Amino acid sequence: MISPWQVGQTLPVWTPTWTYDNGSPVNLTGATLSLLIVNVTTGVVLAGAGTFTVVNGSLGQAQYAWATADCAEPGQYVLIAKATFAGGGVLPADPVPWLVKLPGQ
C-alpha cells in the first residue's frame, strides 16, 4: 500500500509493476522511467525527485526510491509513472491515488 504517508516520509520504496489492460507485463527493458506527482486540489504537477530503477524489465517491475521533496507538502495527489522507450514511445502507468498527511494526523 502506498498511502497514506506523512510529510517527509521516504520509505518504503515503491515497487510498481507495469501491465497492459489484459494483465500481461510491459517489457521495461531499456526504458527510462519517470514520475509525475499531481496535486489533485491545485492541479500543480511536479516531477518526482526520487530515482526509478528497472528491477526486472521483462516482468515490468521497477522501484522508485523517494526523495524528501516528493512528499514535502500534505495533500491529495495522483502519481503517474511513465516509461519512455527507445524511439520515443511513451507509456504511462495507471494513476495511483496518494495521500500525504502531517505527522500525527
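What percentage of the 105 residues in the chain is buried? Colour the chain by relative accessible area: buried residues, those under 20%, make up 29% of the 105 residues. Keep in mind throughout that this is a predicted model.

**The whole chain.** Start with a cartoon view. The chain shows eight strands and zero helices.

**Overall dimensions.** Next, select the C-alpha atoms. Along the principal axes they fill a box of roughly 40 × 25 × 25 Å. The radius of gyration of the chain is 14 Å, which agrees with a compact globule, because a globule with 105 residues would have a value near 13 Å.

**Contacts.** Now display contacts between residues at least 6 apart in sequence. Of these, 62% join residues at least 24 apart.

**The surface.** Switch to a surface view. The chain exposes about 5900 Å².

**The largest pocket.** Rolling a probe the size of a water molecule over the atoms shows where empty space is left. How much space lies in the largest pocket? The volume is about 250 Å³. To find the pocket, select Thr 17, Trp 18, Thr 19, Ala 93 and Asp 94, the closest to its centre of the 13 residues that line it. Then colour the lining by class: nine residues are nonpolar, two are polar and two are charged. Trp 18 and Ala 93 are among the nonpolar ones, and Asp 94 is one of the charged ones.

Definitions and conventions. Residues are numbered from 1 along each chain as its sequence is written. This is a predicted model: local features need pLDDT of at least 70, side-chain atom pairs count only at pLDDT 80 or more; totals for chains, interfaces and linings use all residues. Side-chain values use heavy atoms; hydrogens and water are left out. Helices (H or I, at least four residues) and strands (E, at least two) are DSSP runs, numbered from the N terminus. The radius of gyration is taken over C-alpha atoms; the globule rule is 2.2 Å times the number of residues to the power 0.38. Buried means under 20% relative accessible area, exposed over 50%, partly exposed in between (1.4 Å probe, protein chains only). Contact means heavy atoms within 4.5 Å. Accessible areas come from the Shrake-Rupley method with a 1.4 Å probe; for residues, only the protein chains shown count as cover. On a 1 Å grid over the protein atoms alone, a cavity is a set of points where a 1.4 Å probe fits but cannot get out, and a pocket is an open set with protein on both sides within 12 Å along at least five of seven lines; lining residues have an atom within 4 Å of a point. Grid points are joined across faces, edges and corners, and a volume is the space filled by probe spheres set on the points.
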